[in-house]
Structures are given as structure tokens and as C-alpha cells.
Amino acid sequence: MASREPAPGPAAYDPSEESVWRPLRLLLGAMDDDIARVYADAALDGIRPTHVMELLRLHARGPMTITELAASVHLTHSAVSQKVAALRKAGMVRTVPGADARTKRVALTAKSRRVMPRLAAEWQATEQALVELEAELPYPLSRVVADIGQALERRGFHDRITALLAQDPAWQ
């Protein structure tokens, strides 16, 4: 005898279908995909747009602990640790002994040092392309970000969310 699954009921309301910020996330993802295509076109294997800042930082400042690298790029230790693991797997970084036996420092490999001029050139070209793009807009994104930052200094995002949740019976 075949088992039957219950017939689906009415679809539940999905609040994620309505999003003010999702278009921005999709736009940024598409732009990162275009940068990744630049790397693929140039046969820069193992390089992802999300890793370039860390590679450039290591090139400019030399070997750093994960904690130091995370602080320098304003990311969490966990996020940078994951990036370092991926970069190590791609042969772009290695760990070297630190100042004492308890620490390790992340260092560039010869492979990554060879592509640093190209990564720096791409970074600068990307920044220039963004400047050109913003010149076409009536209200540049960099200004939007600065304005949002100022508004959040006046009243934080956490406070805004919790004030709204305090009024929502579903949250109680």
C-alpha cells in the first residue's frame, strides 16, 4: 500500500517576498560576478572578489595573524579564518610561525605575489568604474551609504528593529 502525504494547505505568508534591501544584495552579487568574470578572462584561477582585499592587505603590510588581518579589513575573526582556509587551499597564502610558539601569521605565497600587480590594477579599475557609474546617478550610492551611517548614529538599527517588534503581537 502506497503512503500518501497530506495535501498541502493554503500557502503561508512569506514576508521575505517583500524586501527593501534584496535588490541591493542582488545588484552587489551581480557586480561581484562581473569582477569574477574579469579574473576568469585573465586566467587568475583561485581568486575570488571577496578575497582580494585580504590579499592586497597582506601584500601591503606583510604577514599578519588572522586577528590582525580581520581587524584591518573590519571583518570577524571567523569570516577571515574561512577566507584564509580557502586561500590556503588555492595556494595563495600559507601560515608561518609568529613571534612566539603560540601564534601563526598568514603570509602570501610566491603564486599570490606574482598576481598582486594585477589584483591592485583590478581594484583601482573597479574603483574608477564605480566613480564613473556614480557620476551617472542623481544620488550616488556612496552618499546614500554615508547618509544611512549618519542616520544610524542618531538611532541604531537594533533600536529601530526592537521598537517595531515591541509593537508587534507576533513577537510577544
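This is a predicted model: local features need pLDDT of at least 70, side-chain atom pairs count only at pLDDT 80 or more; totals for chains, interfaces and linings use all residues.

Residues are numbered from 1 along each chain as its sequence is written, and side-chain values use heavy atoms, with hydrogens and water left out.

Entry on salt bridges. I took a salt bridge to be a side-chain nitrogen of Lys or Arg within 4 Å of a carboxyl oxygen of Asp or Glu. I found 5 salt bridges in the structure.

Entry on glutamate 68. I found this residue paired with arginine 105, with 3.2 Å between the closest N and O atoms. Because glutamate 68 lies in helix α3 (residues 66-73) and arginine 105 in strand β2 (residues 104-108), the pair ties together parts that are 37 residues apart in sequence. I read helices (H or I, at least four residues) and strands (E, at least two) as DSSP runs, numbered from the N terminus. Glutamate 68 is partly exposed at 36% relative accessibility, and arginine 105 is partly exposed at 23%.

Entry on arginine 102. I recorded its salt bridge with aspartate 100, the closest N and O atoms being 3.3 Å apart. Arginine 102 is exposed at 76%, whereas aspartate 100 is partly exposed at 29%.

Entry on helix α6. I located arginine 143 and aspartate 147 in this helix (residues 141-154), 4 residues apart, or about one helical turn. Their side chains form a salt bridge at 3.8 Å, N to O.

Technical notes
Buried means under 20% relative accessible area, exposed over 50%, partly exposed in between (1.4 Å probe, protein chains only).
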